Structures are given as C-alpha cells and as structure tokens.
Amino acid sequence: MSNYTMFTASVNSRLSDSAVMITRDLAETLGLQDSDQLYFYAGQVKKKLKLSIRNSDKLNMRLDANAGILKKLYLQPERSYGIKKDINGLHLGPVVGISADIYNEPGRPFGNQSFFFQQLLKAGEALGEICFAFNPRTINWNNGNVTGYTYNKKGWSKRTFPLPDVIYPRERAYAANNNFRRRLEKAGTRFFNPPLVGKWETHLIMKKNPDLAKYLPETRLIKNFNQVEDMVKKYQAVYLKPVSGSQGKNIIRVLKKKNTAGYEYQYEINNLIIKGSAPSINRLQSALKRVMGNRSYIVQKQINLLKLDDNIVDVRILVQKNDLGKWETTGIACREGKRGSITSNISAGGSGKKLDTVLHRHFDDDSRRRIIIEEICFLAIESAKTLEKAIGPAGEIGVDIGIDKDGEVWFIETNLRPARHVFLLIGEQETRLKSVEMPMLYLRYLAGFVSKER
Ligand SMILES: Nc1ncnc2c1ncn2[C@@H]1O[C@H](COP(=O)(O)OP(=O)(O)O)[C@@H](O)[C@H]1O
Ligand SMILES: [Mg+2]
C-alpha cells in the first residue's frame, strides 16, 4: 500500500498575502504547528508563508488562502492536490510536465498524441497533480516558467506554469532537447524516462545480460555490406533496420534467392510495398541506397514469426512502474501485419489481435501456451530492468517480442515512447485506461510524494 497526503484548496479573502490557514487534521498529518513560517513550493516556484491552524469540520483536509496566493501557488479553488513536507518546506502537486513536440493543428496542439495527453492530464488531476503538457522550447529560463497546456470541456487552453518537479518525456525525435533536459536535471527536475536509445546500443546492452542471450536474434551493425552477405548466407533471410528508426519505417527484408545466386528484397515507402531483386551484393547495396540513405543500419537474423492468414504476427507488451516504483506488466497484445507486409506496426497498417487468439491458433497444448506467456513476461521485465540499469531510470517500456513456429520467444526491440493504441484495437479499454493512469501514479512516486505504508 502506498501513502500520500491530499488537501482541498479554498479561497478565504480575509487572509493576508503572507498567510495560509490549514485545518488541524492536515496540520497533524504533516506535523505542522500554528505560527510556523515555511516555504510553499509549486515545482521550482517558492513562497514563504505563515501558517495558522483552524479546527477541522467535516471537510477535514483543507488549505485556505486569498485568491492571489492560491494563484501564485498554481492552486485552483475547490480542487484537491497532493502535498509533502521535506526539510525545505511544503511541496504541492507534484508539478508534472508532459514534454512533447507541438503542432499547428487546430484543436490538436500535440498532433496525434493530443487525445492521449487529455487522458493523462485527467488522470493526473484526479491524483492531485498540477499537470500540463508543454514544448521545451517555450521554457523561459529567466523567469523560471513555461507555457503549459491543459484540457477541459471547452478544449485546450494555455497559461504559465512553474518548471516541473517531474517530466514525462513524449517527444519522438532521437537526441531531441537534451540540453533542456540537462539544465532541468541540474535544477532538480526528475525525468520519467531516459532519452531515446538506438537499436544497436540497445542490442549491446541486452547482450551483456546472460539471462537474455538466448532471446536475442544475431545482430550486427552494418559497417560494410559484406556483413549483409555473410548474414544472408548464414540465415537465408535477414532484416535491415535503421538504428534510430521507429514505426516500421525504412525496414528492409533481404532473402537469398532459391536455386540461383542473388537476392530478393522488400521494403515499404509511404505504405507502398516495394519488391525487387539483385544479382550480387554490390547491386543489392545500390538498389537499397534509395531507402537506406546515409542512415546507420543493423542487420538481424529473420525471426520466423507466427502468421495469421499468412500475415506476420508479433507481440507488444507494455511494462510500467507502479505507484511504488516496481515494474509490472500492464498489458499484452499481438499485432498482425497488413497483407504482404514485413512489419506488424500499427502505424504501418497493422491490426490488433489478442495473444490468446494467436496462441490457440498455433499451439494446442495448454502448458505450452502458458510457458510462452511466462517467457514473454520474463523477457519484457528483464529487458526493462537491463535497459534502465545501463541508460538511467525508466518508468515504462514497450517491448516488441517475436514468437516463432517452434514456440521460441525472441527479443525484437524496446520502445521508450510506447504507444498504447493497440489495447483499444483488441477491445481492452481497461488495459488502455490503466496504461494511462500508471505513468501519472509513478510520477507522483518519482517526485517523492509517496511513502510506503508502515
Ligand atoms: N529480425 C526480425 N525478424 C522478423 N521480423 C522482424 C524482425 N525485426 C523486426 N521485425 C518486424 O518488423 C517490425 C518493426 O521492427 P522494430 O525492430 O520493432 O522497429 P520499429 O522501431 O520500426 O518498430 C517488428 O515489430 C516485426 O514485426
Ligand atoms: Mg517496433
């Protein structure tokens, strides 16, 4: 069980600009005395105020101040907020910022993440957080504030907020905004997830964990196209993937031609499937230049994924830290690639399927199916732990996992900005809701607002 304190803010216009009044119950919970002078913090904004204590009525956890002070502390009247005491004073909220790229779309300032953010903010407010979404470029370092977006019935609105206690990073770009991140970290802000890390680095990290070795398909960084030649010779079929890619973009499959020399390849551009063949490794390299560009790529053994009606199927499992900072699996879904595709990504036209449906189709034996599910869960949690040990603390990771025809389970990749749309596609509204609430719960813990029940 976790333990945290909440109060309701209310306006009392008789109180001066340096005073707050709290109920006795709240004072006792926090260990505060009448006439104490102490700092109130909203994120990194602070204000020194003098306490007075009044007897509690049936509304027993309340904090009163005049309207100006409430505003300065970013509190809205008759809303409930979390509060914690430390050696510096009292902290409100916590102040939670969701950082993301901003778009010029009417009614959707955060593009296709806008609806997700609405749900996050709703969940955060219910937990007593002072939360908003923002673009790091709008930070005003001189004033120590930022333009934050909130959502209510009337739609999105923006106003000034303090620099947050904790940040949920949702920008998709690699290496984006690391300067702002370093600067905020120095000032004491904590981040929910580390910056994105590429597929090759991830592979090297996983490889160091002996418990994960058997799940890793052989992978190499392409420095020279002869490595592709070697890998195709060894496995007959390989995947070429951009180190910093996502959403199945710019992924190529290369097959060894049957009976004759040469290669066949397939990739997708703008959802269009493109297939071709090349008689030699050099010709293959030039044919693929168009899609590979100057990007860094890995080459990986093809996992012979299970299929449904001839379409490839793999697994997305979402692992998240809970309100006490412990890893849990929130949900598992399968993704079925669109007809003829070499990737299962939803954004590339894939659809959702329940894991049970997929497993029943291929494995009759009950215990066999159970073992596969156990392995998927083990692999997901273990790779999350392994990754965060190497690159810094994380709050959630979406792990892509393949199951092959022999029931073997394979690690495909980890996602530090996972989508959760797939749970809606398989009709699991509750999993989806949980996946939205979990980060807000963990952020409260990360900000130090939760203690273990004694
Ligand atoms: N080695 C592989 N063997 C078979 N299928 C693969 C392999 N690697 C990737 N895929 C397919 O391509 C999809 C996208 O690959 P992934 O590594 O997750 O990159 P992205 O970051 O673009 O999602 C996977 O979900 C899977 O369906
Ligand atoms: Mg993926």
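Reply: Two strands pair if DSSP finds at least two bridges between them; strands (E, at least two residues) and helices (H or I, at least four residues) are DSSP runs numbered from the N terminus. This is a predicted model, in which local features need pLDDT of at least 70 and side-chain atom pairs count only at pLDDT 80 or more, while totals for chains, interfaces and linings use all residues. Residues are numbered from 1 along each chain as its sequence is written, and chains are lettered from A and ligands numbered from 1 in the order in which they are written.

The bridge partner of Thr-8 in S7 is Ser-80. Strand S2 (residues 5-11) pairs with strand S7 (residues 80-86) in the antiparallel sense, over four bridges. Both strands belong to a closed barrel of seven strands, in the order S2-S6-S3-S5-S4-S8-S7, with mixed pairing. From one strand to the next, the twist averages 40°, taken between N-to-C directions on a scale from 0 to 180 degrees, with axes fitted as lines to C-alpha atoms. Strands of a sheet pair through backbone hydrogen bonds, either parallel or antiparallel.

Elsewhere, Arg-170 occupies the loop between strand S13 (166-169) and helix H4 (178-186). Between Arg-170 and Leu-63, 107 residues apart in sequence, the C-alpha to C-alpha distance is 33 Å.
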